[in-house]
Each structure stands twice: as structure tokens, then as C-alpha cells.
Amino acid sequence: MIISVASPRHGNGQTITAVNMSAVISDLIESEVIVVDTNKTCLDLEYYLSRSTVTKGLDNFYSLYRSGFLSRATFKTCVKRITDNIDIMSSNLCSEIEPEDIDVLIEYLQNFYKVIIIDTSGFYNGISKSLINKSDNIVALLPQTKNVIMQFIDNNPYQGYKDKLSVVINKYMNDYEGKKLSYTEQEIKKDLKELGYENPFFLEYDIDLKNECDSNAALNYALGNINKKRPYMEHLTDLCECLLSSSGIGFTKREKSQNVIDRVKGYLSLMQDNRRVGFNDK
Ligand SMILES: Nc1ncnc2c1ncn2[C@@H]1O[C@H](COP(=O)(O)OP(=O)(O)O)[C@@H](O)[C@H]1O
Ligand SMILES: [Mg+2]
């Protein structure tokens, strides 16, 4: 299964979400997951997760492939191991990966990984767009900001992808220093519903979600048992379980409250109607 994490702008948490999803999913499926960075202007995946500046990624893939040396054995030199179950591929900096190379890339990735997560860099970047097209699921991150959500709906960058879209409001806050925020969950749901999107996911603002370079802080947050009960992690796990269920990938079930079970069931019945959480064919 290929999951693309996308957002209409930077700073909404694409990389952190991709990293945390890799931790949650590798845990749930007890198997290796890879995160592929396609954002050559930021390289934040490398910064957040890598202790060394030695890069392994799409440039290595490109040169092996173009020189005829790509094989199952050499492909492994294009990925960097971060934990027992998480590998990363850094973005291409020198080479332009052509859309026709993408099929080969995907074939190799799927050979080694059941789940492939793409940290995308928008629809205007060739490789990112090709990977989004080939994805089974797109996780679209939005902030809790009315005009951004309205703009997102107006511009509709995900038109054509509605059957694979899950809308996620990231860094959601119910209240701040005791005061309720004006754009509430209820209002967001109402606005999105009117515009054709139903049942968005909400990922809470979590003050402990840090992204310091070189310390793996980003990943350790999601891997640490201590954080598993935090609302952010609970809801991220719900999202990951829904995505895995939609692709028929088995996973170890955690103890869940009834409303989570109902939600996953609801999601599955939506899937049977060929509709996704976060979208309503209006
Ligand atoms: N749910 C969240 N709660 C708190 N901070 C978050 C959350 N999601 C992301 N962040 C923070 O927001 C900042 C931007 O995240 P990042 O993943 O780098 O964004 P992007 O890749 O979209 O540019 C980082 O400092 C990250 O730690
Ligand atoms: Mg990023």
C-alpha cells in the first residue's frame, strides 16, 4: 500500500505525520515500512531522523537504474535504516526522476515493503505528482484555520483523487489557556460537510511533539509506549488502522474503546460503497 501525505502548504505537519505514521504502522503490522521524501527544497525527513549527513535515496536509485546496475541487492544501498522496522529514502537532489522511472521505483519498493509512505511536495513537482497518482491513499493535512480550509475547498487541489482521500485537521486545539477556540471541531465538520467532505480526522496539537535534528525526537515520541495513550497518538493510530483496513492489510489489534471500533466499522462500510472517510460524493 502506498500512502501519500500531502498538504496545500508547508508547516502543516506533513513530515512529522509521515514519520509518526511509519512508527505506528510498522508497530501494527510488525513489518518494515519505508518513508520516501520527495521534497528536495526542505530535506526535513533527513534532518529529523538521520544522525549522519550520508544520504541514501532517490539519487542513488536513479544512478543505479540508469547505469543498468539496479537489482534487489543494490536497491538496498538506496535506503537508510533508521530503526529495526523503519527505512527512509531521501529526496533526489541532482537527478530528475522521470515519470517512467516511477513504476520501477514502486516495483522495487513493493518488493521489500508492505507499506510505503511518501512525504510529498505538492502537485507541481513531477515525482511527487506521479507518486500521488500511484498512491492507494492520500492523507491531506489541513490546519485549524477557516480561510485555509475554505481556500483548500475553492482550489480543490485533490480533485480527481476523491476516492483515495482522507482529510485530516492537524494541530487541532479545543481550547487554549482555558478559552475555547473560535473555529471548533463542530464548525470545521459543518464547513467541510457543506463543501462535500465528511468525517475528517482530527489530530490534536501535542506540545511534546518535537522535531529536533539528530536526536530522533520526532520518531521516539511515536515509538515510546509512554505516549500511546495521548489523544494525538490514539487518533493517529485510528487513522492508520483505517488505512490498513481499507487495503486489506492485517494488523495486531490494540485494545480499543467501542467508539473507535464503531468508527473503523463505519469506515469499512464507506469503503464498500467505494467512498472514503473525509469525502462525500455530493
Ligand atoms: N500535531 C502536532 N502537534 C504539535 N506540533 C506539531 C504537530 N504536527 C506537526 N507539528 C510541528 O509543526 C512543525 C512543522 O511540521 P513539519 O512536519 O516539519 O511540517 P511540513 O513537513 O508540513 O512542513 C514541526 O515543528 C512539528 O514538530
Ligand atoms: Mg516537510
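This is a predicted model: local features need pLDDT of at least 70, side-chain atom pairs count only at pLDDT 80 or more; totals for chains, interfaces and linings use all residues.
Student: What is the secondary structure of the chain, in helices and strands?
Tutor: The chain has eleven helices and ten strands. It holds 282 residues, and 43% of them count as buried.

Student: How high is the mean pLDDT of the chain?
Tutor: The mean is 85, and 86% of the residues reach 70 or more.

Student: And where is confidence lowest, and where highest?
Tutor: The lowest is helix 11, residues 258-272, with a mean of 54. The highest is strand 5, residues 115-119, at 97. Over residues 271-276 the pLDDT falls below 50, and that stretch has nine contacts beyond near neighbours in sequence. Residues 278-282 are also below 50, with 17 such contacts in the model.

Student: OK, strands. Is strand 6 mostly covered or mostly open, and how many of its residues are buried?
Tutor: Strand 6, residues 137-142, is mostly covered, with six of its six residues buried. N137, V139 and L141 point one way, while I138, A140 and L142 point the other way. Both sets are buried.

Student: Which way does strand 1 run relative to strand 6, parallel or antiparallel?
Tutor: Strand 1, residues 2-6, pairs with strand 6 in the parallel sense, over four bridges. In that pairing, A6 stands opposite A140.

Student: What about strand 7, then?
Tutor: Strand 7 runs parallel to strand 6 and is joined to it by five bridges. There, I138 stands opposite L165.

Student: What do the buried residues of helix 6 pack against?
Tutor: They pack against strand 1, helix 5, strand 5 and strand 6. The residues in question are I127, S128, S130, L131 and I132.

Student: And helix 3, which residues are buried there?
Tutor: In helix 3, residues 58-66, the buried ones are L58, N60, F61 and Y62. They pack against strand 4 and helix 5. After helix 3 comes G68, with a positive phi near 80°.

Student: Strand 4 again. How is strand 4 joined to strand 3?
Tutor: Three bridges join them, and the two strands run antiparallel. They form a hairpin with two residues between them. K80 has I88 as its bridge partner in strand 4.

Student: Why does E30 count as exposed, and why does K171 count as buried?
Tutor: E30 counts as exposed because it has 10 C-beta neighbours inside 10 Å. K171 counts as buried because it has 20 C-beta neighbours inside 10 Å, and 20 or more is the cut-off for buried.

Student: New topic. Which residues come nearest to ligand 1?
Tutor: There are 18 residues around ligand 1, and G13, Q14, T15, I16 and N211 come nearest. Helix 1 gives the most to this shell, with three residues. Helix 1 and strand 7 each supply at least two.

Student: How many of the shell residues are nonpolar, polar and charged?
Tutor: Five are nonpolar, nine are polar and four are charged.

Student: Last one: where is L181?
Tutor: L181 is in the loop between strand 9 and helix 8. L181 is partly exposed, because 13 other C-beta atoms lie within 10 Å. Not counting residues up to four places away in sequence, L181 touches Q144, M173, N174, D175 and Y176. L181 and Q144 are 37 residues apart in sequence and 9.6 Å apart in space, C-alpha to C-alpha.

Conventions. Residues are numbered from 1 along each chain as its sequence is written. Chains are lettered from A and ligands numbered from 1 in the order in which they are written. pLDDT is the predictor's confidence in each residue, from 0 to 100. Two residues are in contact if their C-beta atoms, placed from the backbone, lie within 7 Å. A residue is near a molecule or strand if its C-beta atom, placed from the backbone, lies within 6 Å of it. Ala, Val, Leu, Ile, Met, Phe, Trp, Tyr, Cys and Pro count as nonpolar, Asp, Glu, Lys and Arg as charged, and the others, Gly among them, as polar. A residue is buried if 20 or more other C-beta atoms lie within 10 Å of its own, exposed if 12 or fewer, and partly exposed in between; C-beta atoms are placed from the backbone. Two strands pair if DSSP finds at least two bridges between them.
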